[in-house]
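Welcome! Here is a short briefing on how the inside of a protein model is packed.

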Amino acid sequence: TQSTWGKFVFRVVSNMSSVLLIIDVQYDFLEGGSLAVPNGNEVIPVINELRKSKKFDHIFLTQDWHPADHCSFCVNNPGAKMFETITLPDTGKQQVMWPAHCVQGTHGACIHCDLLREERDIVFQKGCMSRSDSYSGFGTSPEDTGLLEKLKAANVDKVFVVGLATDYCVSNTAIDAAQAGFSTCVIEDGCRGISTQTIEDAKAKWRELGITTTSSRDFLDIDTEPSQA
C-alpha cells in the first residue's frame, strides 16, 4: 500500500535531512474563516503531535499572503461568480474565483495560535503578487517563494506535507516537491480537503509521481531520530 511504502521509504532515508512542510494553517481556512476548509481545525492537534516527535530536521510553514486586489478574489472580477473558473483578461491564466481571504496584515491571514511554533521555523509567504496566484508553497511563475532554494541549502532529501487544503495547496506543494526530485510523503490525517472528488483527483496525480502517503500514527511508530545534517 501507499502507507506501507511510505514507511519503508522513510526507513531507507532516515539518516538524511527531512522537513515537515505545514501548509496554510491560517484563520481564514479554519472554522469561522472566509474560506474555511471542512473540519480544518482537526489538523492542528495532529500537526502538533508530529512536531513534538522531534523526527524532523526542519519545520517550514507556508502562508497565503494576498494583497487586497488579488486576482483570485471574486469581488475583484466584476461579473464573475463565486467558485467558477475564469480566464483573466490581462494574463490569460485560468483562475478559480474565491472569496477574499488571507489578506496581508489581517487576522484571517495569521497562522493559528494553537499551532506549535518555534523561533527556528521558517515561513514562506505565497500569493503575494496581485495578478498571479500560487497554490504551491514553491510559488507559481512568476512568483518564487524561495522554498526550493532553502530546501537545497538545508540538504533536504525527504519532504513530509501536512495542512490545508489537501486538494489545492497541499497537493500542489507535494507535486512540486516530487517534481523537484525530493522524496515526498503526504501525512493524510494531518490534512483536510475541500471535496471528495478533487481529493481523489489529487491522489491520482500523487500516484503518478510516486508521492507516498501515510498516517501520523504509522509515522510516529517509526523508530528513528532526525539526522544531524
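What follows covers the nonpolar cores and then the aromatic rings.

This is a predicted model, in which local features need pLDDT of at least 70 and side-chain atom pairs count only at pLDDT 80 or more, while totals for chains, interfaces and linings use all residues. Residues are numbered from 1 along each chain as its sequence is written, and side-chain values use heavy atoms, with hydrogens and water left out.

**Nonpolar cores**

- The largest nonpolar core has 29 residues, and Leu20, Ile22, Val25, Leu50 and Leu115 have the most contacts inside it.
- Such a core is a set of buried (under 20% relative accessible area, 1.4 Å probe, protein chains only) Ala, Val, Leu, Ile, Met, Phe, Trp, Tyr and Cys residues joined through side-chain atoms within 4.5 Å.
- A second, separate core of 24 residues includes Ile23, Ala177, Ala178 and Cys191.

**Aromatic rings**

- Seven aromatic pairs turn up across the whole structure; rings of Phe, Tyr and Trp (its six-membered ring) pair if their centres lie within 6.5 Å, and planes under 30 degrees apart count as stacked, over 60 as edge-to-face and the rest as tilted.
- Phenylalanine 83 and tryptophan 98 make an edge-to-face pair, at 5.9 Å centre to centre and 75° between the planes.
- Tryptophan 98 is buried, at 9% relative accessible area.
- Phenylalanine 160 and phenylalanine 219 have ring centres 5.0 Å apart and planes at 65°, so this pair is edge-to-face.
- Both phenylalanine 160 and phenylalanine 219 are buried.
- One aromatic cluster is formed by Phe83, Trp98, Tyr135 and Tyr168.

Definitions and conventions. Buried < 20%, exposed > 50% of the residue type's maximum accessible area, 1.4 Å probe, protein only.
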